[in-house]
Amino acid sequence: MKAPLSWLKEYVDINCTAEELKDKLFSCGFEVEGMDYIASNINKIVTCKIEKIEKHPNADKLSVCQVNAGSYGKLQIITNAKNIFEGAIVPVALDGATLFNNETISNGEIRGVKSFGMFCSGEELGINDDWYEGAGVNGILIFKEELPLGEEVKKLLELEDVMFDINVTANRPDCQSILGIAREVSAVLDLPLKMPDLSYAKDFDVSTTATINVNNLAYDLCPRYISHLVKDVKIESSPLWLKRRLFRMGIRSINNIVDITNYVLLEIGQPMHAFDLKDLERNNIVIRRAYENEKIITLDEKEFALNKENLVICDAVKPIALAGIMGGLNSGIKDDTVDIVFESAKFVRDNIRKTSKALGQRSDSSSRFEKGVDSYTTEIGMQRALNLIYTLGCGKIAFDNYDLYEYMVNENYINTTIDKINGVLGIDVPVENIVNYLERLNFEVNVDGNNISIKIPAYREDIESYPDIAEEIIREYGYDHIKSSLLKTCSITNGGRNDQQNSIENIKNLLVGYGFNEIITYSFVSEKEYDMFKIDKTCKEHKFIKIINPLGEDLSVMRTTLLPSVVRIACSNVNRKNYDGRIFELAKVYKDTRESESDLPTESLALSFATFGAEENFFTIKGVVEGILDNFCNGCKVEYKPSTTKCMHPTRCADIIVNGAIVGYFGQILPSICDELNSDKPIFAGEIFYEELTKYFNDKILVKSVSKFPQIERDLAILIDKNVLCGDIISAISEQNFANLESIKLFDIYEGAQVGEGKKSMAFNFVFVNAERTLSVEEVDSVMEEIRKLLLEKFNAERR
Amino acid sequence: MQEINNLREKAKLELEKVSSTKELYDLKTTFVGKNGLVTGLLRGMKDIPAEQRAEFGKVVNQLKEEIASYFDEKEKVLVEKETFEKFEKERVDITLPGVKQKSGSLHPLNIVKNQILEAFCGMGFEIFEGPEIDSDYYCFQALNIPKDHPARDMQDTFYFSENVLLRPHTSPGQVRTMEKKAPPIKILSPGRVYRADDDASHSPMFHQIEGLVVDKGVSLCDLKGLLDEFVRIIFNSETKTRFRPSYFPFTEPSVEVDVTCCKCHGKGCSLCKGTGWIEILGAGVVNKKVLEMSGIDSEVYSGLAFGLGIERITMIKYGISDIRTLFENNIKFLSQFNRRK
């Protein structure tokens, strides 16, 4: 909300500097986001009289002028302006002067003739015809009055002002006006508020109700509608003060009637509209929903096709305004307008917002209505408009009006206690302060002991109960009165993470210990990512949901897997010459399990990781997976089986199977995908369906006693068909539960000429131990013999 | 006897010449081994008269011990010398670089999140994480933001259907907690949130932590106390907080909370745009309507709530100027966070 200091001063005798006012407004909840000291930069531009004009000896288009600049003496000025004449009083920028646009002027010489300054146009002073008639001319500003010479022009033209740009929070639509801000200024400075004049003389020969008929068929969208007739209107230019007010707020003056509606919107915060009576078919005004596909052309000559969600103001046959947004081209004020009907209405904010958004048509009026206008303002807005008609003497004001409303909440009271108010704040604000602050804000207060009865100002629709009152008080009293206390009335509670939350942190910390950097990537991806990673419609990961209004296609699909994002980051690191790295992300994935549109999708946690670099290979990433399972799924049966994941190297990827269930996969990413992502290095990656994995979590520590007796080790080297999987050999042995066999470990594998075509040599280490006794060599060797036989029978493996 | 003396002298002489333990052990075998020279003397015993044999044996044994002790002494010297030479051979350039043990790191946003959670967990807060895709009811209506409310314009929200959306704040966590749990309540609800914004200070996905206390008699003073303690832990003990009035539909009164600028300590600098203060979070007393909608008696209980952006605090704390740095995930950037503070 923009508010010039000069305008605020009309309602409050502000007795502090603009800076001090800024701080005061800040303290009571109105942050001043910008302060513009208008024209404060203009310097050394003074009035002068042109006494003599001669042609420049060396330039056809230039003139050499002798001027009298009062106390600055007689000067010679060169100009190319055509509209000057001898005897004209004009502004001249002297040596060292600064113009409105911050340009500086200094003495110079033009084609051999000295010039001691520059004549100024209105634009160079930051003004146009609305501020001073003649300032808009293409040439030098020529003063119409006989002004004293050598005087600062910015003083004479009252150019200086301070423009506040105030952040008004959404709960305070009543402050979307100069008057609203003035009310707050009055309260925070504890100075009286001078209300704008709302009085006017009624013409008893003119009657609204006898002339027109107004019908409201949509109270739900238009809770209050006031119409007032003004006859014999003189359409003319507005007075200077009015034009200057509008000019400061960036609004062009049109004519007195249009200017009045704009002025009331700025000052009171009520959007106004004026209809030309002669355009109203059968002198009728009807407020109703538009018909399906009904058309209107608004003042800016745009045509819209409407529907029943849009509210229109109509005459007997056709729409004449898009309610609250813009008037129709068919009923606006024209030069030949004689009689007008003023409209001041309250339209409900969400309907205006929706219509404005749907049609793409906005105006100062619609953006004001979107914030919310109260019924009280609707009434005083009309009064102020009529007062201005009266003050400007430009029309006969009807003695009566239409004021259509279904019900009117006249007086709102809150009855509460001082204790409750102070209870919200946690401090004891003295009763006399409470009363004082509320009265400054125009609340009427009645205190009876601890009880307090408060009448709420009509424009404060945001005040509903005692916490609102507490806020009004503390923002005037000052938040620095709030003193720290640490939940002294609260029960003791036991805080902290629960087991599930701790597990997440533990698994992350394990990965950090393995040298992984945690990454965070966006939850939404491009649908193209699914093609790139070959997740087709047959995959369960393809069940994603899409954002209706994404920032772009790249950020439109809620991901069902983290792996593509993690691989993408791995590749981008390779691109940036981070040649080795380990990264992971633990985040939610979102699967479309909805039966209807209003159901929520299923969110579950996933853990994805990637490794790359000279020292990384399939087995380093497998080691990470094994580490996770060792730590968190103690005692579970873990298997790795060839995976069919399509984004993976087909012979270098594995499903992770815990107790028979697939909980994830890992392997080498297809080189073609890495190529597409501009990575020339192999990427190893995997994903664990975290919530599947948690079903097998067993991270409790159960101590197993360590045998005091020596362990016996045996190595066995076998020759075996090269396609036999190591995992199958180990599980075949493990399944037999051989006595005292503690562990089996592969320690060497060899393929080559020495072992023959189609064969490989594998060497295993076996450890035997017994908790209660020393094992004999014989019993260990007999188990080894059984193992050897088993391998021979099952895999045709020969001892080497 | 002469023979014995000769042997002794011979041993001494030979020993002088020995320069390695290998030579030494060979020589030792030559003299005192099973078939060595000294033992050889004993073999000649049969030629000694019987009465002298005992004496002779004794002298030979003495000789054996004597020679053995010469060897032991010499061995000590040689072992020491050879060990020294071995170490010398194994000498490394200790200034060559070590074999790097890579240490990983948590993401800076999660480091800060953990610090914040731990600060409040110590004050008795539990952690509740709600869904990221939530209904209009939990994201807006139950927070006193009805459909026609202008506050809906405060954030541009991503939608899946009219009633299903990506939460624009973690505040639904408040409602979901209050529906499930009776007071006393002290919870934090951290997580990802989403708004249609994308520039140097806004990311379409970012992280918030919502805090909620519901109990008897809690007031703005408790909020101040809680947040003072929080900034002391997250920043330092010199950091001060300041409340200023603001508006959120779900709290009344509502405040913006500023902290003294951690860079200039309140003197005014570029980080705080010369004000000495930095805005870090929004907070307030829970709106009575919000309590009631969640089934809590607002005449008995009152609540405090605050919501803070983890990105903002992380950026202030670690001096990060562009929010996008946090989502680029460059390992060179991430690796700097392998410390805890």
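Modeller: First, the residue classes: Ala, Val, Leu, Ile, Met, Phe, Trp, Tyr, Cys and Pro count as nonpolar, Asp, Glu, Lys and Arg as charged, and the others, Gly among them, as polar. The model is predicted: local features need pLDDT of at least 70 and side-chain atom pairs pLDDT 80 or more, while totals for chains, interfaces and linings use all residues. Residues are numbered from 1 along each chain, chains are lettered from A and ligands numbered from 1 as written, and side-chain values use heavy atoms, without hydrogens or water.

Biologist: How many cavities of 30 Å³ or more does the structure hold?

Modeller: A cavity is a set of points on a 1 Å grid over the protein atoms alone where a 1.4 Å probe fits but cannot get out. Points join across faces, edges and corners, and the volume is the space filled by probe spheres set on them. Here there are two of 30 Å³ or more.

Biologist: Which residues lie nearest the centre of the largest cavity?

Modeller: Lining residues have an atom within 4 Å of a point. The largest cavity has 14 of them, with T169(A), N171(A), R172(A), R475(A) and S246(B) nearest its centre. Two elements each give two or more residues: α13 (466-477) of chain A and β7 (241-248) of chain B. Helices (H or I, at least four residues) and strands (E, at least two) are DSSP runs, numbered from the N terminus. By class, this lining has four nonpolar, four polar and six charged residues.

Biologist: What lines the second largest cavity?

Modeller: R172(A), D174(A), R183(A), E184(A), L441(A), N442(A), Y459(A) and R460(A). That makes two nonpolar, one polar and five charged residues.

Biologist: How far apart are the domain centres in chain B?

Modeller: Chain B has domain 1 (2-89) and domain 2 (108-337). Their C-alpha centres are separated by 89 Å.

Biologist: Is helix α5 of chain B mostly covered or uncovered?

Modeller: Mostly covered: 13 of the 14 residues of α5(B) are buried, meaning under 20% relative accessible area (1.4 Å probe, protein chains only). α5(B) runs over residues 108-121 and reaches 20 Å from first C-alpha to last, close to the 20 Å expected. The expected span is 1.5 Å times one less than the number of residues.

Key: Buried means under 20% relative accessible area, exposed over 50%, partly exposed in between (1.4 Å probe, protein chains only). On a 1 Å grid over the protein atoms alone, a cavity is a set of points where a 1.4 Å probe fits but cannot get out, and a pocket is an open set with protein on both sides within 12 Å along at least five of seven lines; lining residues have an atom within 4 Å of a point. Domain bounds come from an automatic or database domain assignment.
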